[in-house]
Amino acid sequence: MIKLVFVMLAGYLMGCFQTAYIIGKTNQHIDIRQHGSGNSGTTNALRVMGLKLGLLTFVGDFLKAFVTLGIVLWLTQDRLLTVAAGLGVILGHDFPVFLNFRGGKGIASTIGIAFALDYRLGLISLTIMIVAIAVSKYVSLASLLLCVGLPVCFVFLEKPTPSEIAFVVSISLLGIFQHRENIKRLLGGTENKIKLSGKK
């Protein structure tokens with residue numbers, strides 16, 4: 001139990017590293033949370049700051065999860081501790097203590113978690129996102145499909161323990177929870193499709 005708490009806390013602190021916020025402040029002197037949808041995630045970064053900085057945001061949020069889980073797995077060789085660290089990263093990304101608990105929605109970091117657990121799981125997750133965005137132009141819909149598909153694919157590929165499944169399901173449920181307003185707009189037909197800013 002002590003190890004679980006420790007790795008979740010370590011993951012949380014890593015998750016608090018807000019890539020979009022830092023890039024916005026250093027490159028365009030803005031608080032990304034005061035623009036667009038108001039969160040510090042990849043999609044809002046793409047819309048507000050353009051493709052280059054948006055992709056840089058994705059890479060940063062991906063890596064903070066991938067590297068954190070990679071280190072935990074390397075040190076412990078324990079998959080339960082690894083997925084627990086992943087949940088910590090998502091909690092830190094979504095509710096960063098250093099930014100008044102206003103962060104992003106955790107999808108880029110969730111993809112990083114998937115790749116850290118199993119490259120096949122990561123490739124499936126990335127494919128779901130790319131195909132769904134290409135077909136629908138709704139990043140939120142693609143994110144929700146990823147959240148639904150992640151635990152299913154994890155069970156199919158990894159044959160995990162019930163505790164490991166619970167952590168991965170928690171990660172997915174957090175992603176769905178963070179998209180609750182998007183779900184309302186999708187159902188109401190008012191959700192915005194992806195449209196990149198002209199900023200460089």
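1. In which handedness of crossing does helix 4 pass helix 5? Helix 4 passes helix 5 in a right-handed crossing. A crossing is called left-handed if the near helix is turned anticlockwise from the far one by less than a right angle, and right-handed if clockwise. Helices here are DSSP runs (H or I, at least four residues; strands are E, at least two), numbered from the N terminus.

2. A quick word on what you're looking at: this is a predicted model, where local features need pLDDT of at least 70 and side-chain atom pairs count only at pLDDT 80 or more, while totals for chains, interfaces and linings use all residues. Residues are numbered from 1 along each chain as its sequence is written, and side-chain values use heavy atoms, with hydrogens and water left out.

3. Back to that first pair. Helix 4 and helix 5 (residues 79-94) pack at an angle of about 155°, and their axes are 9 Å apart. That makes helix 4 roughly antiparallel to helix 5. Axes are lines fitted to C-alpha atoms, for helices over the stretch in contact, and angles run from 0 to 180 degrees between N-to-C directions. Angles under 35 degrees count as roughly parallel, over 145 as roughly antiparallel, 65 to 115 as roughly perpendicular and the rest as oblique.

4. Who touches whom in this pair? On the helix 4 side you'll find Asp-61, Lys-64, Ala-65, Thr-68, Leu-69, Val-72, Leu-73 and Thr-76, and they meet Leu-81, Thr-82, Ala-85, Gly-86, Val-89 and His-93 in helix 5. Contact means heavy atoms within 4.5 Å. Sorted by class, the contact of helix 4 with helix 5 has seven nonpolar, five polar and two charged residues. For the classes, Ala, Val, Leu, Ile, Met, Phe, Trp, Tyr, Cys and Pro count as nonpolar, Asp, Glu, Lys and Arg as charged, and the others, Gly among them, as polar.

5. Helix 4 has another partner to look at, helix 6: the two pack at about 35°, with axes 7 Å apart. Helix 4 passes helix 6 in a right-handed crossing. From helix 4, Phe-58, Asp-61, Phe-62, Lys-64, Ala-65, Phe-66, Leu-69 and Leu-73 meet Ala-108, Ser-109, Ile-111, Gly-112, Ile-113, Phe-115, Ala-116 and Leu-117 of helix 6. The class count for the contact of helix 4 with helix 6 is twelve nonpolar, two polar and two charged residues.

6. Leaving aside its neighbours within four places in sequence, Phe-115 is in contact with Phe-62, Phe-66, Gly-122, Leu-123 and Leu-126.

7. Now turn to helix 6 and helix 8, which pack at an angle of about 15° with their axes 11 Å apart. That makes helix 6 roughly parallel to helix 8. Their crossing is left-handed. Helix 6 brings Ile-107, Thr-110, Ile-111, Ala-114 and Leu-117 to this contact, and helix 8 brings Ser-143, Leu-146, Cys-147, Leu-150, Phe-154 and Glu-158. By class, the contact of helix 6 with helix 8 has eight nonpolar, two polar and one charged residues.

8. How much space lies in the largest pocket? About 710 Å³. On a 1 Å grid over the protein atoms alone, a pocket is an open set of points with protein on both sides within 12 Å along at least five of seven lines, a cavity is a set of points where a 1.4 Å probe fits but cannot get out, and lining residues have an atom within 4 Å of a point. Grid points are joined across faces, edges and corners, and a volume is the space filled by probe spheres set on the points.

9. The largest pocket has 36 lining residues, and Thr-42, Thr-43, Leu-46, Met-129 and Val-139 lie nearest its centre. Helix 3 gives the largest share of this lining, six residues. By class, the lining of the largest pocket divides into 15 nonpolar, 16 polar and five charged residues.

10. The second largest pocket holds about 290 Å³ of space. Of its 16 lining residues, Asn-39, Gly-103, Lys-105, Gln-178 and Arg-180 are the closest to its centre. Helix 10 supplies the largest share of the lining of the second largest pocket, four residues.

11. Last, the largest cavity, with about 30 Å³ of space. Ile-113, Ala-114, Leu-117, Leu-121, Leu-150, Val-168 and Ile-171 line the largest cavity. Its lining has seven nonpolar, no polar and no charged residues, and helix 6 gives the largest share, three residues.
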